[in-house]
Amino acid sequence: MNSKKVIVAIDSDNLKKIKKLVNILKSEAYAFKIGYEFFFNFGIDGYNQVKKICPNIFLDLKLHDIPNTVEKGVKAIGKLKPLLTTVHISGGNEMMRASIKNKKYTKILGVSVLTSLDQNMTKLYYNEKKIEKLVKKFVNQAKKNQLDGVVCSPLEIKYIRKKVGKKFLIITPGIRIKNEHDDQKRVMTPKEAIDLGADYLVIGRPIIKASNPLKILKTINNSIN
């Protein structure tokens, strides 16, 4: 198993800064996550510039649409050869099955419940206050429809790992080095998340906002190993 566990989230509107950061961190990171902010600012050209520095990319575009649209979207994403990409589990069974039709190099992950949502929001939008119960239901459907893994908060890792076994990927955002106040509601430290069964950790702000990002990433890796 790969000893590198951290996927560094690099969303920003400064391509020069991102490329410099990827060059600095590539020896210590498993991969780099590109999301909306980066992709909508710099598109495929910017994506390829980063991929040239480090080929391991998690293209996190969270597709959520009718099955035919998602199928064609994943097919187009496949041409870019990211390691991982995402679809929303809440898009339904047919949409998830459509997302894996043209899968080759890229693994498809299901997004369960966003880590920014708390019980009040899940009650309002999903009519379910118990986040654990809701995530279990979503993850069951992701595995049933043959996705490669899920993205979930660290607080859901333990019971998901128990339910899905060792081969199903668990990618975990909501990782914090210490107590921080931001829009992530369900968080945990890197070592805690790995010990519970996460395969990879998505970490952005604690690394990229640091005065010495490489030092922070090395400290995280050391704490995990």
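Reader: What lies over the face of Tyr159?

Author: In this predicted model, Lys136 lies over the face of Tyr159, at 5.2 Å from the ring centre. The distance cut-off for a charge over a ring is within 6 Å.

Reader: Which ring does the charged end of Lys5 sit over?

Author: The charged end of Lys5 sits over the ring of Tyr200, 5.6 Å from its centre.

Reader: How many aromatic pairs are there, and why is the pair of Tyr30 and Tyr200 called stacked?

Author: The count comes to four aromatic pairs. For Tyr30 and Tyr200 the ring centres are 4.1 Å apart and the planes stand at 10°. Centres within 6.5 Å make a pair and planes under 30 degrees apart count as stacked, so this pair is stacked. Tyr30, in the loop between helix 1 and strand 2, and Tyr200, in strand 8, are 170 residues apart.

Reader: Why is Tyr200 called buried?

Author: Its relative accessibility is 11%, and buried means under 20%; therefore Tyr200 counts as buried. Tyr30, at 15%, counts as buried by this cut-off.

Reader: What makes Phe40 exposed and Tyr36 partly exposed?

Author: Exposed means over 50%, so Phe40 counts as exposed at 64%. Tyr36 has 40%, which falls between the cut-offs of 20% and 50%, and therefore counts as partly exposed. Being four residues apart in helix 2, Tyr36 and Phe40 are separated by about one helical turn.

Conventions:
Residues are numbered from 1 along each chain as its sequence is written. This is a predicted model: local features need pLDDT of at least 70, side-chain atom pairs count only at pLDDT 80 or more; totals for chains, interfaces and linings use all residues. Side-chain values use heavy atoms; hydrogens and water are left out. Rings of Phe, Tyr and Trp (its six-membered ring) pair if their centres lie within 6.5 Å; planes under 30 degrees apart count as stacked, over 60 as edge-to-face and the rest as tilted. Helices (H or I, at least four residues) and strands (E, at least two) are DSSP runs, numbered from the N terminus. Buried means under 20% relative accessible area, exposed over 50%, partly exposed in between (1.4 Å probe, protein chains only). A charge sits over a ring if NZ of Lys or CZ of Arg is within 6 Å of the ring centre and within 35 degrees of the ring normal.
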